[in-house]
Amino acid sequence: MDDPAASDADGRKPGRALRADARRNRAQVLQVAAEVFAAEGLSVPVHEIARRAGVGTGTVSRHFPTKEELFAAVLLDRMRQLTEQADEVAGTHDAATAFFTFFATLVHEGAAHRGLAEALAGAGYDVETAAVRAGCDVSGRLRTMLVRAQEAGAIRADITYPDVKALMAGCLAREADDPHGTALSRLVTVVSEGLRTRPSRAGSEAAAGPLRPSGTD
């Protein structure tokens, strides 16, 4: 695949301005592809994604010449949305609520898009590096939220960001045999309570669950 740095947050090569209708088509393809890959797996053919998006197969191929490029664009688009959500939750909630809400969101996102991330990693595509270069530093947002929550006295001072990443990976390891996400949500709550300086009586922030994707009811 191409160098991740050669694509922007939508997976598009820099310097190629798109017409309004082309931008709409691209956005529709990405939305449909994300839903289809999450629900039905990565084997769904491009022509089926095009059909459901209401565009021709050639339109998809012009935007994404290979299926791997479509995979990457889907993930980068979602990371762009997550970055926006992180900024919103950080600006509208206290430090503890922001961290625990976004932590839950990232765990559930990891479960939903595990196949995409693994497929791209196998192809040598570093999605996280590409996202940072495209201005979608999701990990950086979570790291900042952790520091702020610790400064507010809400999270144990001895917890490091690598600890948080390891705990996220542990939650996702359980997801493999948890098709409805019930155990995953339970683990997120347990982990969140363990991170607190003083476990909350009701676990209000963790119980709030993950953020909903942009544009959903």
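Predicted model: local features only at pLDDT ≥ 70, side-chain atom pairs only at ≥ 80, totals over all residues.
Residues are numbered from 1 along each chain as its sequence is written, and side-chain values use heavy atoms, without hydrogens and water. Local features need pLDDT of at least 70, side-chain atom pairs count only at pLDDT 80 or more, and totals for chains, interfaces and linings use all residues.

**Exercise 1.** State how many helices and strands the chain has.

Solution. Take helices as DSSP runs of H or I of at least four residues and strands as runs of E of at least two, numbered from the N terminus. The chain then has 11 helices and 0 strands.

**Exercise 2.** Find which residues touch the most other members of the largest nonpolar core, and where this core lies.

Solution. A nonpolar core is a set of buried (under 20% relative accessible area, 1.4 Å probe, protein chains only) Ala, Val, Leu, Ile, Met, Phe, Trp, Tyr and Cys residues joined through side-chain atoms within 4.5 Å. The largest has 59 residues, and Leu-70 and Phe-99 touch the most other members. Helix 4 (residues 67-92) gives the most to this core, 11 residues. Domain 1 (20-65) and domain 2 (76-195), with bounds from an automatic or database assignment, both contribute residues, so the core lies between them. Leaving out residues up to four places away in sequence, Phe-99 touches (heavy atoms within 4.5 Å) residues including Leu-142, Ile-155 and Leu-195.

**Exercise 3.** Decide whether Gln-81 is buried or exposed, and name a side-chain partner.

Solution. Gln-81 is in helix 4. Its relative accessibility is 15%, so Gln-81 counts as buried. The side chains of Gln-81 and Asp-77 are joined by a polar contact of 3.0 Å; such a contact is a pair of N or O atoms within 3.5 Å, and within protein one must be able to donate a hydrogen and the other to accept it, with residues adjacent in sequence counting only if both atoms are side-chain atoms.

Key. Buried < 20%, exposed > 50% of the residue type's maximum accessible area, 1.4 Å probe, protein only.
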